[in-house]
Amino acid sequence: MSAFSRRAFLSTVAAGPLLPAADKNRPNVLFIAVDDLNDWIGCLGGHPDVKTPNIDRLAARGVSFAKAYCAAPSCNPSRTALMTGIRPSSSGVYENRQPMRESSALKSAVTMPQHFMQHGYRVTGGGKIYHGAFPDPQSWQQYFPSQEKNQPGDPVPDKRPANGIPKTAHFDWSALPVTDAEMGDYKTTDYVIGELNKSHDKPFFLACGIYKPHLPWYVPQKYFDMYAADKITLPTVKDDDLDDVPAEGRRLALRSGDHKKVLEFGQWRKAVQGYLASISFADACVGRVLDALDKSPHSANTIVVLWSDHGWSLGEKLHWRKFALWEEATRNVLIVSVPGVTKPGTKCARTVDALHIYPTLVELCNLTPKKELEGKSLVSLLKDPQAKWDLPAITTYERNNHSVRSERWRYIRYHDGGEELYDHANDEMEFHNLAGKPEFTKIKQEHARWLPTVNAPDSPEAKNLRREPA
Ligand SMILES: [Ca+2]
Ligand SMILES: [Ca+2]
């Protein structure tokens with residue numbers, strides 16, 4: 001865009017109300033985040049028992065990415081990277097305690113919603129899009145419950161912890177004697193449905209951040225009733241799996257002591273039931289929003305993006321939660337439906353990571369490209385999921401620990417030089433670390449060239465923040 005046309009364009013933006021409503025060139029965006037959702041959804045096949053009919057029906061409309069990975073396996077750094085388009089290794093935001101705007105690289109970053117706002121979109125949302133403690137009010141024109149608070153409250157059981165594990169904090173699970181309407185996520189989806197039901201004189205960017213299946217796994221009884229604890233399938237775990245993992249990987253796997261406690265209190269089946277129940281509750285919330293979109297006047301010109309911020313381990317590698325660089329903790333959900341662009345029910349097996357979402361939406365909505373974004377638009381893959389794509393997915397956890405995931409391999413290198421290499425053609429559970437075998441030196445080198453060359457110093461931590469375990 002020339003300087004003159006850019007000025008003319010910006011003055012048009014400033015005139016806001018004169019802009020036309022959404023059309024083919026300026027489609028709406030419905031941006032749905034589901035917190036802590038791993039690949040346990042029907043269309044990704046991560047768990048044989050799970051019931052996610054609504055997420056699956058969204059996948060049936062567009063492209064689901066079978067090898068999508070987070071930028072960081074932790075809420076705040078993952079979301080910060082996705083919403084700013086800047087990698088943790090460039091911003092120094094590696095952990096949950098580092099507010100995005102304290103990073104010198106991100107202090108004045110234009111987030112994805114801000115970029116839409118600058119192009120005349122109505123930008124609103126509710127629930128968890130940014131990490132709970134750091135809601136970034138400047139990203140939104142209106143927000144539910146408010147610009148400063150992104151989480152409506154949730155009911156809790158009378159007696160906590162419900163699972164009997166001492167000092168467990170929110171690592172807990174229980175059915176609740178409440179209706180869906182009493183849940184915070186239901187209230188967030190009510191807000192989003194209200195926005196979808198309105199007619200809009202401008203295109204909109206509408207965010208819906210579902211908190212479940214984040215811990216604690218307290219959801220209405222009917223979702224627990226969908227899964228019989230004594231019959232559900234447990235993850236496949238090899239007791240000696242960590243024997244070939246370097247020290248830093250073992251530290252990440254074992255530091256919480258979760259697996260030992262879960263086994264000691266006989267809670268593994270109950271925990272898996274709680275996670276599955278919470279997933280099905282989140283899926284029901286997604287279904288309400290999709291129903292509202294279908295009934296609204298906006299369905300024909302609204303892009304839907306559904307993503308989760310990382311995966312989750314429930315015992316694999318003796319590890320629980322996210323906070324690690326293996327497949328279960330890093331694989332996330334990414335489904336994109338674009339009217340007129342995506343073909344219904346297609347799957348893409350190219351390796352993508354969360355950095356690509358921002359430039360993809362910039363391209364689809366014809367916003368001004370932003371050269372500082374570190375990802376690459378996925379539009380070529382949305383049009384043709386088999387198209388050539390030469391990038392692996394990069395995930396970073398804490399400073400200078402990275403995973404490079406290509407279609408066949410995962411290569412991990414920790415800050416102290418420790419390495420792991422897994423061959424997904426033969427070992428989808430990543431049981432056998434091949435990094436020490438000389439015949440794989442070349443494979444390791446091919447992956448190592450993608451490691452970030454900059455590892456920014458840690459960004460400042462927030463003061464007076466409750467230490468949050470998850
Ligand atoms: Ca999360
Ligand atoms: Ca192993």
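These legends walk you through close-up views of a predicted model.

**View 1. The calcium ion (ligand 1) and its protein donors.** Donors here are N, O and S atoms within 2.8 Å of the metal (3.2 Å for Na, K and Ca), and since water is not among the atoms, sites may look incomplete. Around this ion you will find Asp35 (OD), Asp36 (OD), Cys75 (SG), Asp309 (OD), Asp309 (OD) and His310 (NE2), at 2.1 to 2.7 Å. Along the chain, their spacing reads D-D-x38-C-x233-D-H. The arrangement is irregular because the six donor atoms subtend angles of 51 to 155°. For comparison, four donors count as tetrahedral if all angles lie between 85 and 135 degrees; four count as square planar and six as octahedral if opposite donors are over 155 degrees apart and all others between 65 and 115; anything else is irregular.

**View 2. Aspartate 35 and its surroundings.** Aspartate 35 sits in the loop between β1 (28-34) and α2 (53-59); helices (H or I, at least four residues) and strands (E, at least two) are DSSP runs, numbered from the N terminus. Its relative accessibility is 0%, so aspartate 35 counts as buried (buried is under 20% relative accessible area, exposed over 50%, partly exposed in between, with a 1.4 Å probe and protein chains only). Aspartate 36 is buried too. Setting aside residues up to four places away in sequence, aspartate 35 touches several residues, including Cys75, Arg79, Lys128, His214 and Asp309; contact means heavy atoms within 4.5 Å.

**View 3. The largest nonpolar core, with Ile32 and Leu306.** A nonpolar core is a set of buried Ala, Val, Leu, Ile, Met, Phe, Trp, Tyr and Cys residues joined through side-chain atoms within 4.5 Å. This one has 57 residues, and Ile32 and Leu306 have the most contacts inside it. Helix α10 (residues 268-295) gives the largest share, 15 residues. Beyond its neighbours within four places in sequence, leucine 306 contacts residues among them Ile32, Val34, Val286 and Ile335. A second, separate core of 46 residues includes Cys348, Val352, Ile357 and Tyr358.

View 4. With a disulfide taken as a pair of cysteine sulfur atoms within 2.5 Å, the count is zero.

**Notes.** Residues are numbered from 1 along each chain as its sequence is written, and chains are lettered from A and ligands numbered from 1 in the order in which they are written. In this predicted model local features need pLDDT of at least 70, side-chain atom pairs count only at pLDDT 80 or more, and totals for chains, interfaces and linings use all residues, while side-chain values use heavy atoms, leaving out hydrogens and water.
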